[in-house]
Protein chains: 2
Amino acid sequence: MPLSIAHLGPSGTYTEMAALVCAELLDAAEPAQLCPYPSIVQAIASVAEQQSQLAVVPVENSIEGGVGVTLDTVWQLNRLQIQQALVLPISHALISCAETIEQIQTVYSHPQALAQCQGWLTQHLPKAQLVPANSTTESLQYLKQDPTAAAIASQRAAQIYHLPVLAYPVNDHPDNCTRFWVLSLAKSNAGSHTSLAFSLPANRPGGLMSALQVFAQRDLNLSRIESRPSKRSLGDYLFFVDIEASLQSIEVQAAIQELEQYSETLKLFGSYSIKFAELAPVTP
Amino acid sequence: MPLSIAHLGPSGTYTEMAALVCAELLDAAEPAQLCPYPSIVQAIASVAEQQSQLAVVPVENSIEGGVGVTLDTVWQLNRLQIQQALVLPISHALISCAETIEQIQTVYSHPQALAQCQGWLTQHLPKAQLVPANSTTESLQYLKQDPTAAAIASQRAAQIYHLPVLAYPVNDHPDNCTRFWVLSLAKSNAGSHTSLAFSLPANRPGGLMSALQVFAQRDLNLSRIESRPSKRSLGDYLFFVDIEASLQSIEVQAAIQELEQYSETLKLFGSYSIKFAELAPVTP
């Protein structure tokens with residue numbers, strides 16, 4: 001049986017590109033099988049329910065910030081472990097069957113992609129209507145029947161669906177990139193970075209400081225802290241923390257032991273390494 | 001000239017409801033004029049450009065978390081001050097011209113509203129296609145021409161556009177509420193809560209801890225901390241902090257003075273009070 005990798009589909013999304021990078025890294029005897037799912041929640045759940053061995057999901061974009069649904073789902077479904085982090089450059093193309101940019105009246109894409117091209121769109125298509133879609137790839141379906149429509153997606157998606165690229169790149173920030181997690185149920189404790197999340201007991205002033213001090217006291221650097229609503233009441237949060245050290249280090253072990261005293265619920269998502277991927281050039 | 005209040009439109013959005021609550025609180029001689037804008041960015045920009053006196057914008061939902069675009073825009077456009085925070089209960093209705101729920105094939109709404117009703121939709125409309133829209137109200141435009149379509153919006157929006165409510169409430173969490181900020185260019189320093197944001201110098205391990213300790217050392221409680229990407233590079237953040245004390249307190253003044261040493265850029269958004277609003281019942 002080949003390894004199956006769940007990801008947000010359909011074919012042509014940036015998450016599928018990350019899943020392809022993940023498949024290459026695996027170096028398995030048989031090529032891995034990519035399984036597209038209609039939502040991030042369903043892709044992650046397929047691993048928890050043992051229908052897929054791995055899931056590749058976006059966790060943070062350098063412009064738009066954290067992907068809340070990924071953090072919330074990893075917290076809710078137990079036993080998920082991060083095997084690897086992948087950072088992929090994101091470079092958007094304006095795809096359309098129009099002959100010139102001036103003909104375009106509507107631009108479809110995922111809301112995050114529209115937001116990442118806001119400046120370019122305001123400058124070049126100030127009158128176009130921006131219409132959200134469930135994924136960058138889904139937005140391509142409108143183009144063949146409507147030459148006044150455009151979509152924002154990857155060059156690779158344009159190639160897969162045989163659609164012309166009218167402008168590239170159209171993202172406002174050249175350093176646009178997205179970090180993905182490769183999740184599975186296998187124990188993961190070797191790697192340079194450790195991720196965990198915790199909730200705090202209600203109404204204890206200074207609770208977050210006490211929790212963060214367990215790392216500062218041991219000179220453990222936090223590369224990221226992100227709060228998510230606990231969904232119990234407004235002002236009650238979960239905190240997701242990335243530590244620049246391995247679960248195998250004595251300091252991390254001691255910090256986690258102390259953190260248990262300050263937190264209400266504490267979940268460990270494992271230690272893993274970060275791979276910075278380059279995109280293969282799209283050949284015309 | 002009546003006061004003008006900018007908000008995300010069109011009429012019937014939850015932000016318009018918050019703007020109505022804000023107008024009531026003003027208690028001005030002349031009723032305030034509500035000005036709908038097509039995006040949160042444009043509503044906030046209208047205050048910075050002195051086209052409106054006030055803007056009412058969502059900043060955080062108890063289920064879906066922070067509204068990134070609001071935080072990013074308040075950081076980018078200088079001189080904006082928070083005059084008031086408003087917390088509004090959010091209760092969604094399923095609106096459709098279908099005779100029964102079984103006829104519904106498509107559900108339109110803002111992605112946050114779809115996410116907040118995910119459990120209800122999976123249970124009652126497992127096969128329906130979920131289609132994102134720019135606002136809860138915008139999604140109502142499809143209903144009259146298509147009886148297999150439904151939208152998720154407020155009961156009030158259904159009433160304004162003369163459309164039938166098929167099910168209410170349909171949100172998964174009964175304690176769903178959203179916090180809004182009332183922004184203007186007027187100096188704001190009286191109130192129980194203070195908001196500020198800061199960036200940190202690059203590559204200084206433990207930088208966030210040093211910054212947060214200026215509050216902990218003075219027993220100042222943080223009711224919220226939220227990180228946003230600085231948009232410079234992945235892993236570089238701005239931190240938005242809410243303090244449970246006024247800018248008029250000596251401790252807050254001293255903490256801010258010390259924070260200036262640890263931060264790269266520090267911006268103060270003022271002190272303000274929080275109002276918990278109740279929604280007026282919708283009369284059939």
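In chain A of this predicted model, A:Pro10 occupies the loop between strand 1 (4-8) and helix 1 (14-26). The peptide bond that joins A:Gly9 to A:Pro10 is cis, with omega at about -5 degrees. B:Pro169 is placed in the loop between strand 10 (165-167) and strand 11 (177-184) of chain B.

Strand 11 of chain B also takes part in a salt bridge. B:Arg179, in this strand, is paired with B:Glu60, which belongs to strand 3 (residues 54-61) of chain B, so the pair ties together parts that lie 119 residues apart in sequence. The closest N and O atoms of B:Glu60 and B:Arg179 are 2.7 Å apart. Over all chains, a search of the whole structure finds 22 salt bridges.

A further link within chain B is made by two helices. Helix 7 (residues 207-216) and helix 8 (residues 250-262) of chain B have axes that come within 9 Å and cross at roughly 170 degrees. Since angles over 145 degrees count as roughly antiparallel, helix 7 of chain B is roughly antiparallel to helix 8 of chain B. On the side of helix 7 of chain B, the residues in contact are B:Ser210, B:Ala211, B:Val214 and B:Phe215, and their counterparts in helix 8 of chain B are B:Ala255, B:Glu258, B:Leu259 and B:Tyr262. By class, this helix contact consists of six nonpolar residues, one polar residue and one charged residue.

The remaining features concern the interface between the chains. Here 40 residues of chain A are in contact with 41 residues of chain B. The size of an interface is often given as the accessible area lost when the parts come together. Between chain A and chain B the buried area is about 3,100 Å², and carbon and sulfur atoms give 57% of it. Within chain A, the residues that lose the most area to chain B are A:Met209, A:Lys231 and A:Leu234, which together account for 21% of what that side buries.

Polar interactions across the interface comprise twelve residue pairs in polar contact, both residues being at pLDDT 80 or more, whereas the count of salt bridges between chain A and chain B is zero. On the side of chain A that touches chain B, at least two residues each come from strand 3 (54-61), strand 8 (129-132), strand 11 (177-184), helix 7 (207-216), strand 13 (222-229) and strand 14 (237-243) of chain A. Strand 13 of chain A gives the most to this side, with seven residues. By class, the residues of this side divide into 18 nonpolar, twelve polar and ten charged.

A:Lys231 is found in the loop between strand 13 and strand 14 of chain A, and its phi is positive, about 70 degrees, although A:Lys231 is not a glycine.

Terms used:
Residues are numbered from 1 along each chain as its sequence is written. Chains are lettered from A and ligands numbered from 1 in the order in which they are written. This is a predicted model: local features need pLDDT of at least 70, side-chain atom pairs count only at pLDDT 80 or more; totals for chains, interfaces and linings use all residues. Side-chain values use heavy atoms; hydrogens and water are left out. Axes are lines fitted to C-alpha atoms, for helices over the stretch in contact, and angles run from 0 to 180 degrees between N-to-C directions. Helices (H or I, at least four residues) and strands (E, at least two) are DSSP runs, numbered from the N terminus. Angles under 35 degrees count as roughly parallel, over 145 as roughly antiparallel, 65 to 115 as roughly perpendicular and the rest as oblique. Contact means heavy atoms within 4.5 Å. Ala, Val, Leu, Ile, Met, Phe, Trp, Tyr, Cys and Pro count as nonpolar, Asp, Glu, Lys and Arg as charged, and the others, Gly among them, as polar. Buried area is the accessible area (1.4 Å probe) that two parts lose on being put together, summed over both. A salt bridge is a side-chain nitrogen of Lys or Arg within 4 Å of a carboxyl oxygen of Asp or Glu. A polar contact is a pair of N or O atoms within 3.5 Å; within protein, one must be able to donate a hydrogen and the other to accept it, and residues adjacent in sequence count only if both atoms are side-chain atoms.
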